[in-house]
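Have a look at it first, then read on.

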Amino acid sequence: MAFAERPPSRWQRWQNQLQQRLSSQGLELRLHRRNLYILPTAFGAAWLLLIAIVYLLGIQSRSNGPVLLALLMLALLLLGPFLTHRNLEGLELRCLEPGPGYADTPLLIQLATRSAVPRTAVRLRWLGPGQSQLPQNLQQLLWQPPGRGIHLPGRLLIHTTAPLGLFRCWSYWQPPLQLSIAPARRPGPVQELSRASCHPQGQQVSASSGSDNFEELSPLRPEEGLQRVAWKTLARGQGWYGKRFSGEQPSELWLAPAPGLPLELALEHLCERLCRGLASGERVGLVLPGNVEIAPGEGQRHRYACLEALAAVASQPLP
Amino acid sequence: MHQTQKLLLASQVLLWLQLLLQGQLQPLLAIALPALMVLQLRPPRGALPRPWLLALTVGLLLGWGVSQALGASNGLLPSVSNLLWLMLGLQQLEAKRHEQQQRSVLLLLLGIGLAGLGSQGLAASLMQASAALLALAGLHSLESDGQRLLASLRRVAILVAVALPLLVASFVLLPRLEPLWSLPEASSGRSGLSERLAPGELASLVQDSSLAARVSFAAAGPPPAEQRYWRVLVHQRFDGRSWSAADNWPRPPAPPPTTGAPLGQRWIVEPSKLRQRPWDGRSLPLAGPKTSLQITDLGTLESSAPQGERQLYSLATGARSTSWQRLPPTAIDLQLPAAANPRLQALGRQWASEATDPEARIALAQQWFGRQGFAYSLEPGQLDSLDPLDRFLFETRRGFCEHYAASFSALMRAAGVPARVVVGYQGGEWQQPAGDAGFLQLSNSDAHAWSEVWLPERGWVGVDPTAWVVPERIRRSQRLSKPLPGWLMAVATEWHGLDYRWQVWVMGFDRQRQLELLGQQRWQGLVALAAMALTLAGGLAALWRPWQHSQDRARRCLNQTLQLLKRHGYQIHAGEALACFCQRVGQAEPTLATELQLLAAIYEQWRFGPAAASSGAALLGLQASSRRIKACLARGRRHSA
């Protein structure tokens, strides 16, 4: 974690406090009167100016046509704040905690949205550097990681100008998410350790998940990949099944960052090798700086554990 | 093409059409605007390159400048409006980004407002309103990205409908401001009357059937045809060729305004360059804050309101303001250039020697006109001679009202009878839309000229020599135009009636009308604000219908039944399923058992079953079941009583 070089000025501190005060915390957000803010847009101000001009034209020339138009625009301006506010009020959002992401790809954060009425053109945007280009919507958010590590995503801006763009209603949300960002996947050398050298317990895992002898069919798990899909069963319309094989216990592989390389680069190579290994059904374990060891395993949970461990490796090896 | 652009283009097309139909566009714009629209629709090479756009802008602005220099437009406001409409078309051409399109919506609304200055008829107003609606729909589709075109239109129609009560409340109640400063007077006018009458200079008279004025009467029905003479101008000066108004006629002090007299006529006069307004020569103008009308010694009604504006005024019935009729003639009323029209002068002198009484001289003139074979013609040809009236009276004998009135008045002066020419309107078309008292519609082709002679016993008396020649023109009181087929006539009458009401009640609703309607109220501003707040709240309530969003119809029906059961002592517990509750109540009230089971089954099917189950039929079943339970409970109560 990098520290700020200078202590924040009073103005910055006050601003931070204000932002904290204005933002909603918690994984769930319900938008209501207390956490929604609304102000006219620049277009709304121009609209007001136009009302004045058209009304003036009308009364100067004693024509009621422009007067009627100006009053219609005024009526829409008066309706505007209520309509725009209503477009967000009552909306409920819940952040689903995402799994670990990679430093080079935007992280997908699923949102569960609940609303009694249809909403139009609700826009979301992460506040923070480097985030503005990603398309967001009420179903899923994309978050661009600044790099490997464990990050707080920062504040989310939820705003709308519907229906006429005269007012902008917004709210800040700071979901308390700890996002684990594993290194980017970059092919390269890794250190493969022999089983004995770093597997002191020498545990024997009862055999399963080999690929030699067909044993049974069982419902397909997503992490099994396409290699084990029972295509015949699928083609008969009986659903997604995976073929189970019994056989030799697969080789257990321990991986460590390649020595002699810069740590971040070595971690990127390690991450790539880990993902490749897990995808092809290898049992992979990790030995990481700082005496962190993850025993070989498989499955989604194991994969998450490995990636989180990779994300959490301290930048400087601990003494 | 994006939805927003389509909607804005449609709005522009409507605006252009309205401006074209009302003749508010300069020739350059009438062509340039549709060309710009075509460019919007199909830009060459996908999008117009920037240099092209620049060249187009500069070219069109130059064209506008040149057409201004050539005098294409009259007045500042029409020129500026035309410039703005031109810029609107150009702006729309380059508007691609969000803010640019927002800007073009604003420009479009301003353009519609400017169009509303020039034309206020019902048709024009409807077109302007539709254009505004389309522009708003464009704005809506811009803000709610990805909505379908019709959805945006529908949504905006709902919004405008909700805003409408608020609009009406603010229009009627908000204190209306008077103009803050006076605008330069427009030099254009559309009335068919001119300040100079020169028979013989016009080869033919173009029938301009555009609207000049409308008048409604407090008394039922239109006045008889012989009385439909509406005087506007009086010409006294005759130079041998043309008649014109005398200069420097002394203005009498303004008479005290009439108040309290019953309303006789209500006039709406289209913009005219004349200060004089049409009237019947008998009534008195009613006082109003804006109308400062006064009757001159010549019997014309003069207004001090700015020219080039539509004006509304009322005349009192019963009050006979005929003092101008009694004012004796002056030397100018007998003035006749000695050199011009010798044969006319000779004829006049002959009549003077034949009869001493002015009325007898008029009778001689009538006989003479009857004998000479005069014909009424709108195309009499030019009388390019030094003595045009001689040429008309003794050679061509073909002409329209101007020829007859001018030569008769000159003849009377030659015969020693003071005479002058009156210009105004005669006749008019009676419009009787359903459910309305009706009104008389005067168009510019109803413009007429007649004579006025001085009879010592009766004062100034109107004489219409045209009626001697073509009596049917006066008697029919109809314009000499092709009649429409019957059904179309009925439609036209209804339309004219709607238009009239729109102009009187909406476009003519000014400070004076507001005061008439509301009275002098100290709290008017407050009342207006309160009414606006109320209509705003009502509109929002209607828009949101919270009672409908929270519950669907099946749920409401169920809730009513549950309320009913609660009144009979059966309350559903928290967490109790509907089926369990129904079973529990069924055990206590065996007569209801089956019905309640049915209710629970239908509701659960509706709520949780496949989509087909939640159809209208299921809802009907639910409602029927609910009704039967209600009836059953009522019966049970009667039995126990």
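What follows is a set of numbered points, starting with the ground rules.

1. Ground rules. This is a predicted model, in which local features need pLDDT of at least 70 and side-chain atom pairs count only at pLDDT 80 or more, while totals for chains, interfaces and linings use all residues. Residues are numbered from 1 along each chain as its sequence is written, with chains lettered from A and ligands numbered from 1 in the order in which they are written.

2. Chain B overall. You'll find 22 helices and 18 strands here; helices (H or I, at least four residues) and strands (E, at least two) are DSSP runs numbered from the N terminus. Among contacts in chain B between residues at least 6 apart in sequence, 75% join residues at least 24 apart; a contact needs backbone-placed C-beta atoms within 7 Å.

3. The cores. A nonpolar core is a set of buried Ala, Val, Leu, Ile, Met, Phe, Trp, Tyr and Cys residues joined through C-beta atoms within 7 Å. Leu109(B) and Ala135(B) touch the most other members of the largest one, which has 113 residues. Helix 3 of chain A (residues 64–88) gives the most to this core, 13 residues. Leaving aside residues up to four places away in sequence, Leu109(B) touches Leu50(A), Leu69(A) and Met73(A) in chain A, plus Ala132(B) and Ala135(B). A second, separate core has 65 residues, including Trp243(B) and Trp454(B).

4. Strand 4 of chain A. This strand (residues 92–95) pairs antiparallel with strand 2 (residues 28–30) over three bridges and with strand 6 (residues 107–114), also antiparallel, over four; pairing takes at least two DSSP bridges. Glu92(A) is the bridge partner of Arg30(A), and Leu111(A) is that of Cys95(A). Leu93(A) and Cys95(A) make up the covered face, Glu92(A) and Arg94(A) the uncovered one. In a regular strand, side chains alternate between the two faces of the sheet.

5. Which two residues does a cis peptide bond join? They are Ala162(A) and Pro163(A), with omega about 5°, and Pro163(A) sits in the loop between strands 10 and 11 of chain A. Asn291(A), not a glycine, has a positive phi near 60° and is exposed, with 7 other C-beta atoms within 10 Å. Asn341(B) also has a positive phi, about 50°, but counts as buried, with 29 C-beta neighbours inside 10 Å.

Notes
Contact = placed C-beta atoms within 7 Å. Buried ≥ 20, exposed ≤ 12 C-beta atoms within 10 Å, placed from the backbone.
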